[in-house]
Amino acid sequence: HHPGRTEAEAMKLDGYTVTDVKPWEAASGGKAVACAEAKCAASMKFDGKPGWYTLRVEYFDQNNGESKYQLFVNGQAVDGWTADLHLPTRKSDGTSSTRREISGIALRPGDEIRIEGAPDGKEVAALDYVEILPSR
């Protein structure tokens with residue numbers, strides 16, 4: 001029901017596995033993807049019009065680790081961050097749901113958007129969704 005949103009569980013997954021989020025309303029669609037390996041990836045093909053876009057990545061930042069994320073477009077790194085906020089939870093839930101916004105991304109139809117997550121400690125580099133919005 002959200003234009004431009006792709007659920008992580010609908011993306012092409014490499015190492016990530018689909019997991020339920022409890023309570024279900026804490027994640028879009030009640031599900032997320034979690035990584036139990038050294039590094040995982042979720043990717044998708046852009047099917048919109050060519051132009052400049054803002055990408056929003058909804059992820060979970062638990063307080064029991066500092067996962068690292070990188071965002072690539074056609075294999076080129078365009079952003080990276082560490083999930084190191086001090087939020088009051090050790091699991092993927094409503095209090096750990098966090099958004100990263102990356103502006104000024106040029107996209108053309110067929111471009112691959114790929115997010116790599118590397119877990120740390122007991123934090124599982126979980127992802128909820130990616131939203132692609134026209135830049136203002």
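In the predicted model, Tyr59, Tyr69 and Trp81 come together as one aromatic cluster. A pair of aromatic rings is characterised by two quantities, the distance of the centres and the angle of the planes.

For Tyr59 and Trp81, the ring centres are 5.7 Å apart and the planes meet at 50°, so this pair is classed as tilted. The class follows because planes under 30 degrees apart count as stacked and those over 60 as edge-to-face, with the rest counted as tilted. Tyr59 belongs to strand E6, which covers residues 51-60, whereas Trp81 belongs to strand E8, which covers residues 76-82; the pair therefore ties together parts of the chain that are 22 residues apart in sequence. Tyr59 has a relative accessible area of 5% and is buried. Trp81, with a relative accessibility of 6%, also counts as buried, because the limit for a buried residue is under 20% relative accessible area.

Trp81 also pairs with Tyr69, and this arrangement is stacked, with 5.2 Å from centre to centre and 15° between the planes. Tyr69 is located in strand E7 (residues 68-73) and Trp81 in strand E8, so this contact ties together parts that are 12 residues apart in sequence. Tyr69 counts as buried, at 2% relative accessibility. Trp81 thus takes part in a tilted pair with Tyr59 and in a stacked pair with Tyr69.

A further arrangement involving an aromatic ring is found at Tyr129. The charged end of Arg5 sits over the ring of Tyr129, at 3.7 Å from the ring centre.

Two residues were noted for their backbone angles. Most residues other than glycine have a negative phi. Asn74, although not a glycine, has a positive phi of about 50°. Asn74 is placed in the loop between E7 and E8, the strands that hold Tyr69 and Trp81 respectively. The relative accessible area of Asn74 is 42%, and the residue is partly exposed. Ala125 likewise has a positive phi, near 50°, and is a residue other than glycine. Ala125 lies in the loop between strand E10 (112-118) and strand E11 (127-134). With a relative accessibility of 0%, Ala125 counts as buried, whereas Asn74 is partly exposed.

With regard to the overall fold, the protein chain has 11 strands and 0 helices. Its pattern along the sequence is accordingly written as β-β-β-β-β-β-β-β-β-β-β. Among contacts between residues at least 6 apart in sequence, 77% join residues at least 24 apart.

The dimensions of the chain were also computed. A compact globule of 136 residues would have a radius of gyration near 14 Å, and the protein chain has 14 Å, so the value agrees with that expectation. Along the principal axes, the C-alpha atoms fill a box of roughly 40 × 30 × 25 Å. Of the 136 residues, 45% count as buried; Tyr59, Tyr69 and Trp81 are among the buried residues. The accessible surface of the protein chain comes to about 7200 Å², and 50% of this area belongs to carbon and sulfur atoms.

Conventions
Residues numbered from 1 in each chain as written. Predicted model: local features only at pLDDT ≥ 70, side-chain atom pairs only at ≥ 80, totals over all residues. Heavy atoms only, no water. Phe/Tyr/Trp six-rings, centres within 6.5 Å; stacked < 30°, edge-to-face > 60°. Helix = DSSP H or I, 4+ residues; strand = E, 2+ residues; numbered from the N terminus. Buried < 20%, exposed > 50% of the residue type's maximum accessible area, 1.4 Å probe, protein only. Lys NZ or Arg CZ within 6 Å of the ring centre and 35° of its normal. Rg over C-alpha atoms; globule rule 2.2 N^0.38 Å. Contact = heavy atoms within 4.5 Å. Areas by Shrake-Rupley, 256 points an atom, 1.4 Å probe, with all protein chains shown as cover.
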